[in-house]
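Where does this protein leave space, and what surrounds that space?

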Amino acid sequence: MATKDSTHKRFGYDDIMSLEQRYRNNLINSVSGFKSANLLGTVNAKGIANLGLFSSVTHIGSNPPLLGFILRPTTVPRHTYENLKDLGYYTINHVEETVIEAAHQASAKYPESTDEFEACGLTKEWSPLHTAPYVGESRVQIGMQYQEQYLIKANDTLLIIGKIVELRLKGECLQEDGYIDLAEAGSVTINGLDGYLTAQRMARFSYARPNEALRRI
């Protein structure tokens, strides 16, 4: 059992593994910190659009521009995975604060025959550069081409890596130096599995070097 006093709780590995599943999921999904909230859009060979909510999108590299995300084990149907492997493209769309309820609904397990954009009340936008649909309500839209995947043996999840083939930014979120102000874009973060928070920029700093004072920019 976890030990605790009036202000502290402590869990050992065996304590964590003995927790009720939903409690453990909430605990471990929260402890990693604030996560990005993204809707991944794909379409299957029949033209049916799929939408999935992911909080694991991460920067892999800038040259070439690569992003990755974690996919849970494919022991059950994973429509996002099947579609991006079949057609090669998918989109990453930031969840913005006006559509958090619709975005969360995209985590439901719909049958493959359901257009999940329609089911969640979100708008499809298309690009001439690839075959995957964007979420029209998102102000940060990223077109991706599948590159490779890696099996994480510790829990049978997959790291999916894609190349950015299109970047679409709405509004005034893009700064002169290439910085995207996500607070200006209305992008939200996820705390755990189901908590949504808005972001507020506190500061930007100059590039850190030894023996050189930081500047706020």
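This is a predicted model. The structure holds 1 cavity of 30 Å³ or more. The volume of the largest cavity is about 40 Å³. Its lining draws on several stretches of the chain. Asn-44, Ile-48 and Asn-50 are among the lining residues.

Now turn to the open space. The largest pocket has a volume of about 1600 Å³. Its lining takes in 40 residues. Nearest the centre of this pocket lie Asn-29, Leu-53, Arg-72, Arg-78 and Leu-193. Which elements each supply at least two residues of this lining? They are helix H2 (21-31), strand E5 (49-54), strand E7 and helix H3. H2 gives the largest share, with 7 residues. In the lining of the largest pocket, 16 residues are nonpolar, 16 are polar and 8 are charged.

The second largest pocket comes next. It holds about 670 Å³ of space. The lining of the second largest pocket has 28 residues, and Ser-36, His-94, Ile-180, Leu-182 and Ser-187 are the closest to its centre. Strand E3 (35-36), strand E6 (58-62) and strand E8 (89-94) each give two or more residues. By class, the lining of the second largest pocket divides into 16 nonpolar, 9 polar and 3 charged residues.

Return to the largest pocket and pick out Arg-78, one of the residues nearest its centre.

Is Arg-78 buried or exposed? Arg-78 is buried, yet it has no salt bridge. The nearest side chain of opposite charge is that of Glu-82, 8.1 Å away. A salt bridge would need a side-chain nitrogen of Arg within 4 Å of a carboxyl oxygen. Leaving aside neighbours within four places in sequence, Arg-78 is in contact with Arg-72 and Pro-73. Arg-72, like Arg-78, is one of the residues nearest the centre of the largest pocket.

Definitions and conventions
Residues numbered from 1 in each chain as written. Predicted model: local features only at pLDDT ≥ 70, side-chain atom pairs only at ≥ 80, totals over all residues. Heavy atoms only, no water. Buried < 20%, exposed > 50% of the residue type's maximum accessible area, 1.4 Å probe, protein only. Lys, Arg positive; Asp, Glu negative; His and termini not counted. Contact = heavy atoms within 4.5 Å. 1 Å grid on protein atoms, 1.4 Å probe; cavity = no way out; pocket = protein on both sides within 12 Å on 5 of 7 lines; lining within 4 Å. Points joined across faces, edges and corners; volume = space filled by probe spheres on them. Helix = DSSP H or I, 4+ residues; strand = E, 2+ residues; numbered from the N terminus. Nonpolar A, V, L, I, M, F, W, Y, C, P; charged D, E, K, R; others polar.
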